[in-house]
Every structure is written in structure tokens, then in C-alpha cells.
Amino acid sequence: MKPEQEARLKAASDLVARTGARSLAIRYSEPDEGDDGPIVWIAIAEFSRPKGAVSQVGAALSPVEAIHRLLDSLIDGGLCKRCGRATAFDGENMLRKGRLPDVIEGIPTCWITYDDDAEKYVRDCERPASDRYVPPV
Ligand SMILES: [Zn+2]
């Protein structure tokens, strides 16, 4: 695995922990013998709930993408505790490339994106004002 992918995986694991998960496991499933299909990666987060443990799962063809799918399901549609906007996960850093709106279906959105310098995921409202997303006019 390339160093930048390792950094992404660690940052994504930290972000899963920040959602309140008590554990995270990353597994893979190999194709059966004679099947040349792809290896499927699975990220599994477990949460403690009053009625027992609950798991959330993301699956993809790479470990980083599997954990990104998990983070999509954990973060999208939540509420940012810092700014009060709806949360959305941007694993591909599309926001930084100016390809995502800051309002989705009329709801102001706080995107959580990867900060290459800090090597962690940050809320848009945590970035310095000069580095925040400014929607195209
Ligand atoms: Zn926010």
C-alpha cells in the first residue's frame, strides 16, 4: 500500500472512531478457487446501543474505498456539532476541487473532507476562513 493510502486509511479509521464506533475491522473476501473475480474489502464498525451492539458495513474493491463507503453511511445526513449544518462525507475531496455544492436540496451542508497537510479528515467549518469552501458565483 502506498504511503498516502496508508495515511488515508489511518485518517479514515480515526474518523470512524470520532463517529462513536467502539471498534472497526477491515476484512477481505477472496474469490473461490477457480474464480478470477476481485477481492472485496469490507469495513465493519460496531456501535454500543442500549439494546446491544449494532454494526454498519461498507464494501468496495479497495480498503480505503470500503471505509469511505462506511463513512458515507455514517456521516451523510447527520448534524455537525460545531456549526449545526447537515453533515456529508467527501472521500474524494470533490469539495476542494469545487465540484460540490454547500447547499444540498436547500439544506446548508458541512462537508467532511481530507486535509492533505494535516493527514486527517476535517469539517469544512474547522478550516481557517481563508481555506473554507466558497461556492462558485
Ligand atoms: Zn460544521
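Analyst: Two residues are in contact if their C-beta atoms, placed from the backbone, lie within 7 Å. Helices (H or I, at least four residues) and strands (E, at least two) are DSSP runs, numbered from the N terminus. This is a predicted model, in which local features need pLDDT of at least 70 and side-chain atom pairs count only at pLDDT 80 or more, while totals for chains, interfaces and linings use all residues. Residue numbers start from 1 along each chain, as its sequence is written.

User: How many helices and strands does the protein have?

Analyst: There are two helices and seven strands. In sequence order they run α-β-β-β-α-β-β-β-β. The C-alpha trace spans about 55 × 40 × 30 Å along its principal axes. Among contacts with a separation of 6 or more, 37% join residues 24 or more positions apart.

User: How do I read burial, and what share of the residues of the protein count as buried?

Analyst: Burial is a neighbour count: a residue is buried if 20 or more other C-beta atoms lie within 10 Å of its own, exposed if 12 or fewer, and partly exposed in between, with C-beta atoms placed from the backbone. Here 25% of the 137 residues count as buried. Two residues show how the count works. Thr-109 has its place in strand 6 and is buried because 22 other C-beta atoms lie within 10 Å. Tyr-28 belongs to strand 1 and counts as partly exposed because it has 14 C-beta neighbours inside 10 Å.

User: Which residues is Tyr-28 in contact with?

Analyst: Leaving aside neighbours within four places in sequence, Tyr-28 is in contact with Ile-39, Val-40, Trp-41 and Ile-42. The C-alpha atoms of Tyr-28 and Ile-39 are separated by 6.6 Å, and the two are eleven residues apart along the chain.

User: And which residues does Thr-109 touch?

Analyst: With residues up to four places away in sequence not counted, Thr-109 touches Arg-85, Ala-86, Ala-88, Asp-102, Val-103 and Ile-104. Thr-109 and Cys-125 are 16 residues apart in sequence, with a C-alpha to C-alpha distance of 9.9 Å.

User: Which are the buried residues of helix 1?

Analyst: Take its length first. The expected span of a helix is 1.5 Å times one less than its number of residues. Helix 1 has 16 residues and reaches 23 Å from its first C-alpha to its last, close to the expected 22 Å. Its buried residues are Arg-8, Ala-12, Leu-15 and Val-16. These lie on the same side of helix 1, because they cover an arc of only 100 degrees around the axis; the arc is that of the directions from the helix axis to the C-beta atoms. The face turned away from the buried side carries the exposed residues Pro-3 and Lys-10. The buried residues pack against strand 1 (23–29), strand 2, helix 2, strand 6 and strand 7 (120–123). Just after helix 1, Gly-20 takes a positive phi of about 105 degrees.

User: How many of the residues of helix 2 are buried?

Analyst: Ten of its 13 residues are buried, so helix 2 is largely enclosed by the rest of the structure. Among them are Pro-63, His-68, Arg-69 and Leu-74. The cover over the buried residues of helix 2 includes helix 1, strand 1, strand 2, strand 3 (52–60), strand 4 and strand 6. Helix 2 reaches 18 Å from first C-alpha to last, close to the 18 Å expected. Gly-77 follows helix 2 and has a positive phi, near 85 degrees.

User: Which residues in the largest nonpolar core touch the most other members?

Analyst: A nonpolar core is a set of buried Ala, Val, Leu, Ile, Met, Phe, Trp, Tyr and Cys residues joined through C-beta atoms within 7 Å. The largest core holds 23 residues, and Ala-12, Val-16, Ala-45, Ile-67, Leu-70, Leu-71 and Ile-75 touch the most other members. Two or more residues come from each of helix 1 (3–18), strand 2 (40–49), helix 2 (63–75), strand 4 (86–90) and strand 6 (107–115). Helix 2 gives the largest share, seven residues. Not counting residues up to four places away in sequence, Ile-75 touches Thr-19, Thr-87, Ala-88, Phe-89 and Ile-112.

User: Into which domains is the protein divided?

Analyst: Domain bounds come from an automatic or database domain assignment, which here gives domain 1 (1–68) and domain 2 (76–137). Their centres, taken over C-alpha atoms, are 22 Å apart. Seven residues of domain 1 are in contact with five residues of domain 2. On the domain 1 side that touches domain 2, helix 1 gives the most, with six residues.
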